[in-house]
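Colleague: I am new to this structure. Could you take me through its pockets?

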Amino acid sequence: MEAYKQEFVDFMLESNVLKFGDFTLKSGRKSPFFMNAGLYITGTQLEKLGEFYAKAIHNAYGDDFDVLFGPAYKGIPISVATTIAYSRLYGKEIRYCSNRKEAKDHGDAGILLGSPIKDGDRIVVIEDVTTSGKSMEETIPIVRAQGDVKILGLMVSLDRCERGKGEKSALQEIKDLYGFETGAIVSMKEIIDYLVEKQMIDEELKGRIDAYYAQYGAKA
């Protein structure tokens with residue numbers, strides 16, 4: 001696994017964002033691990049998170065895009081932190097945009113926060129994690145309704161490597177459905193391999209993780 005991915009795993013653990021135990025997900029699945037990006041709460045944490053996202057996006061898409069779209073709510077600080085990091089690391093001014101949960105009818109009215117989206121914009125969607133792809137069902141129509149735009153792809157921090165609505169992973173289902181690329185800073189498989197190698201996961205926990213993937217793991 002690449003060094004920056006190892007650094008990101010260590011960063012998630014240090015920030016208490018990645019946890020192991022017993023968790024009930026929004027989908028109803030009982031999971032032995034959980035990632036909560038809402039726990040990146042300090043300036044230093046958000047600065048580092050933006051750098052990891054910026055590096056992953058740059059590796060995947062280069063500089064040839066205009067807007068980072070972060071769906072409300074967790075995508076808002078992530079998109080802001082990443083645009084700042086992108087400017088510092090690569091000297092490219094990317095605009096950030098997010099949606100409101102409810103359209104505003106006064107002042108800065110409308111459904112969007114941040115930059116407007118206009119015809120010709122090339123957009124990367126940025127999110128914390130996706131399990132079922134449900135958030136994209138809300139996000140993609142909003143983005144595409146803004147004009148003649150091109151969505152290059154979706155970048156999340158963690159690929160959980162589990163089934164979405166069918167047998168494939170949620171990220172693969174999104175790619176198949178919408179026709180753009182999907183990627184993650186790191187996958188759960190990479191995390192488990194790394195932590196097993198570092199002897200940070202014992203046999204009991206490894207067994208529960210294996211059982212979870214036997215039930216919910218995505219088919220290639």
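Colleague: Which residues lie nearest the centre of the largest pocket?

Modeller: The model is predicted, with local features needing pLDDT of at least 70, side-chain atom pairs pLDDT 80 or more, and totals for chains, interfaces and linings using all residues. Residues are numbered from 1 along each chain as its sequence is written, and side-chain values use heavy atoms, without hydrogens and water. A pocket is an open set of points on a 1 Å grid over the protein atoms alone where a 1.4 Å probe fits, with protein on both sides within 12 Å along at least five of seven lines; lining residues have an atom within 4 Å of a point. The largest pocket has 25 lining residues, and those nearest its centre are Lys26, Glu127, Asp128, Val129 and Ser135.

Colleague: Which element gives the largest share of that lining?

Modeller: Elements giving two or more residues to the lining of the largest pocket are strands S2 (30–35), S4 (95–104) and S6 (122–129), and H4. Helices (H or I, at least four residues) and strands (E, at least two) are DSSP runs, numbered from the N terminus. The largest share, four residues, comes from H4.

Colleague: Which helix gives the most to the lining of the second largest pocket?

Modeller: Its lining consists of Cys161, Lys189, Ile192, Asp193, Lys206, Ile209, Asp210 and Tyr213. Helix H6 (188–197) and helix H7 (203–216) each supply at least two of the lining residues. The most, four residues, comes from H7.

Colleague: What is the phi of the glycine that follows H5?

Modeller: Helix H5 covers residues 170–178. Glycine 179 follows H5, and its phi is positive, near 80 degrees.

How values were computed:
Buried means under 20% relative accessible area, exposed over 50%, partly exposed in between (1.4 Å probe, protein chains only).
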